[in-house]
Structure formats: structure tokens, C-alpha cells
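Please go through the fold of this protein chain. Keep the terms defined as they come up.

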Amino acid sequence: MRAGDDPVVLDGGDRRCVRLLIELRRLVEGLEPGRVVHLIASDPAAAIDLPAWCHLTGHDYLGPVPGGAGSPPSRPIYALRVQAHTRLTHEDAPWRLTGTADGPARPE
């Protein structure tokens, strides 16, 4: 993260991880490469689904952020870094690549 750049925060509230990935996909489309995103998620599947989605698309999964969000009970926060050259996924099914088996690269 560049000095002075705060992470972009997506607060997932109590939404299921499937919905969070759809929202996350839309969010990262509009962010410049190198930006860090913090995803606040109470769904326990996020700890599995987010690293898998980053691996699928090519974004950098940075892991859990210590401390959580809010007052007890804390909600986990996960971090990722937006990358320039990623594989695109379906808008309504962000766990599926678009195009060819490998999917097209994200435009520069």
C-alpha cells in the first residue's frame, strides 16, 4: 500500500460469502492496481472462499487483518491487493471464469 492510502473497506455485514464475492468483484473492477481492500465478513466461509477467489482471479490474498472490526464479538477482516493482470469472472457467478478455460486477462 502506498503511503497515505487507506484500504478500501467492504463491510459484508451478515451477508453470505456468495453475495460478498459478487460485491467484491464489482468493487475491484473500479480500483487501480496496488490498492488494498479490507473485507469485513461474518460468514465463516470467507476464510476459505476469499483466498480461493484470489487464487482463481490473480489478486493477492494478504490474509486476515489482526483485531477484527467493531466491538465484541469482533468480525473478521480479510485483506487483498488488487492486481492489474487478472482473470475475469462472471458478474453474477464470480467463482466462474469468463471466456476460455483460463479466462481473459484484465485489460490494462
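The questions below go from the overall fold to one pair of helices.

This is a predicted model, in which local features need pLDDT of at least 70, side-chain atom pairs count only at pLDDT 80 or more, and totals for chains, interfaces and linings use all residues. Residues are numbered from 1 along each chain as its sequence is written, and side-chain values use heavy atoms, without hydrogens and water.

Q: Which pattern does the protein chain follow along the sequence?
A: Helices (H or I, at least four residues) and strands (E, at least two) are DSSP runs, numbered from the N terminus. The protein chain has two helices and four strands. Read along the sequence, the pattern is β-α-β-α-β-β.

Q: Which residue of β2 is the bridge partner of Asp11?
A: Strands pair if DSSP finds at least two bridges between them. β1 and β2 (residues 36-40) pair in the parallel sense over four bridges. The partner of Asp11 in β2 is Ile40.

Q: How many nonpolar residues are in the contact of α1 with α2?
A: Contact means heavy atoms within 4.5 Å. Cys17, Leu21, Leu24, Arg25 and Val28 of α1 meet Ala46, Asp49, Leu50 and Trp53 of α2. Ala, Val, Leu, Ile, Met, Phe, Trp, Tyr, Cys and Pro count as nonpolar, and Asp, Glu, Lys and Arg as charged, with the others, Gly among them, as polar. By class, the contact has two charged residues, no polar ones, and nonpolar residues numbering seven.
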